[in-house]
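Colleague: I would like to learn how to read some local features of a model. Could we take them one at a time?

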Amino acid sequence: MKIQIIYLDNPFWRVELARIPLFISGISYDDKRIALDEFRTAKETGFLKDGTRLPFHQIPCLVVDGVSIAQTGAIGRFCGKLAGLYPTEDRISAALIDQFIDFVTDLTNLVYIPSNSPLTEDEKIEVRKKLAEGELARKLDMLEDNISESQSWMVGKEMTIADIAIWRGIGWLASDLVAGIPQSYFVNYPKITKIFKNVDKHPKISEWVKKTYGLNYNRGYIE
C-alpha cells in the first residue's frame, strides 16, 4: 500500500491525526509538505502542481494507492485503523472517538474562523479574549465534564486518535500562534491537562516531537 499525506510544513492537529498514528506504528508513508503558494493555487483548481487531486480543494489530503481522500475525520480514522489506534470492531468506542474528533473541529472553527477574518491583529486578539471568557470556556467546560477523575485516556484504557486530536488541538490553543488566549488558561481544566500530559510523555510522541517539530517551533504546552 502506497500512502501519501499532503499538508503544509506545520504540525496542525488536522494533519497530525494522520502523521502521528502512522509514525507510531512504523508504517511507511510519503509526508508531502507543500508551500503555501501551491496550496492557494490548489484551492482554486483542486489540483497540486504534480496533478494530485484534492477532492474538496482543501488539505490535509490522504492519497492511498492513487486514490485521494479528504476530510480530517475520514483521514484520521483510516490511519488510526492501520495503526491500531482506532477500533475496528467496537462500534461504541469508535463513535466515542469520533465525537471527540468532531469536538476538536468545533473548537478549531470557533477560534480559527475569526482569526482568518479581515481584522487587524489587535482586533483578532480582542475577539479571542472574548471567546476565552465566553464560548470557548463553555465548550472546554463540556469537555472537562466528559472526562472522569480516573481516566488516563479519552476512550478506553489505551491511547487512541481521540487523545492525539485533543493533545494537538489544545497545544495549538495554548501556543503563541493563538494570541489572546492566556498561557495560564488551562489551569482551570485539570482533567484536560492530565490527558494532554499523558499523550505528551508517550515515548513515540516524544520521539515525534524531537524528530519533526524542532526547538524553535512553539507547539504549545500546558503546565
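**Reading the model**

Modeller: Y185, F186 and Y189 are linked into a cluster by ring pairs. Keep in mind that this is a predicted model.

Colleague: How many aromatic pairs does the count come to?

Modeller: The count comes to 5 aromatic pairs. One of them joins Y185 and F186, edge-to-face, with 5.4 Å centre to centre and 90° between the planes. Y185 and Y189 form a tilted pair, at 6.0 Å centre to centre and 50° between the planes.

Colleague: Are Y185 and F186 buried or exposed?

Modeller: Both Y185 and F186 are buried. Y185 has a relative accessible area of 9%, and buried means under 20%, so Y185 falls in that class. Y189 is buried as well, because its relative accessible area is 4% and the limit is 20%.

Colleague: Which residues does L136 touch, leaving out those up to four places away in sequence?

Modeller: With that exclusion, L136 touches L107, L110, V111, L131, L173, I181 and Y185. L136 itself lies in helix α6, residues 135–145, and is buried at a relative accessible area of 1%. Its C-alpha atom is separated by 9.9 Å from that of D106, which is 30 residues apart from L136 along the chain.

Colleague: Next, empty space. What is the general idea?

Modeller: A probe the size of a water molecule is rolled over the atoms, and this shows where empty space is left.

Colleague: How many cavities of 30 Å³ or more does a search of the whole structure find?

Modeller: The search finds 1 cavity of that size. The largest cavity holds about 30 Å³ of space, and its lining consists of W13, V104, L107, T108, G169, W172 and L173. By class, the lining of the largest cavity has 5 nonpolar residues, 2 polar and no charged.

Colleague: T108 is in that lining. Where does T108 lie, and which residues does T108 touch beyond four places in sequence?

Modeller: T108 lies in helix α4. Beyond four places in sequence, T108 touches F12, W13, R14, I113 and W172. A polar atom of the T108 side chain lies 2.8 Å from the backbone oxygen of V104, another residue of the cavity lining. T108 counts as buried because its relative accessibility is 3%, under the 20% limit.

Colleague: What is the volume of the second largest pocket, and which residues lie nearest its centre?

Modeller: The second largest pocket has a volume of about 190 Å³. Its lining has 14 residues, with G84, V155, E158, M159 and T160 nearest the centre. That lining divides into 7 nonpolar, 5 polar and 2 charged residues.

Colleague: Last, the backbone. What should I expect in general?

Modeller: Most residues other than glycine have a negative phi, and most peptide bonds are trans.

Colleague: Which peptide bond here is cis?

Modeller: The bond from I59 to P60 is cis, with omega near 10°. P60 sits in the loop between α2 (36–45) and β3 (61–64). H57 is in the loop between α2 and β3 too, and has a positive phi, near 60°. At 31% relative accessibility, H57 is partly exposed.

Colleague: What is phi of Q71, and where is the place of Q71?

Modeller: Phi of Q71 is positive, about 80°, although Q71 is not a glycine. Q71 is in the loop between β4 (67–70) and α3 (72–83). Its relative accessible area is 41%, which lies between 20% and 50%, so Q71 is partly exposed.

Conventions:
Residues are numbered from 1 along each chain as its sequence is written. This is a predicted model: local features need pLDDT of at least 70, side-chain atom pairs count only at pLDDT 80 or more; totals for chains, interfaces and linings use all residues. Side-chain values use heavy atoms; hydrogens and water are left out. On a 1 Å grid over the protein atoms alone, a cavity is a set of points where a 1.4 Å probe fits but cannot get out, and a pocket is an open set with protein on both sides within 12 Å along at least five of seven lines; lining residues have an atom within 4 Å of a point. Grid points are joined across faces, edges and corners, and a volume is the space filled by probe spheres set on the points. Ala, Val, Leu, Ile, Met, Phe, Trp, Tyr, Cys and Pro count as nonpolar, Asp, Glu, Lys and Arg as charged, and the others, Gly among them, as polar. Helices (H or I, at least four residues) and strands (E, at least two) are DSSP runs, numbered from the N terminus. Buried means under 20% relative accessible area, exposed over 50%, partly exposed in between (1.4 Å probe, protein chains only). Contact means heavy atoms within 4.5 Å. A polar contact is a pair of N or O atoms within 3.5 Å; within protein, one must be able to donate a hydrogen and the other to accept it, and residues adjacent in sequence count only if both atoms are side-chain atoms. Rings of Phe, Tyr and Trp (its six-membered ring) pair if their centres lie within 6.5 Å; planes under 30 degrees apart count as stacked, over 60 as edge-to-face and the rest as tilted.
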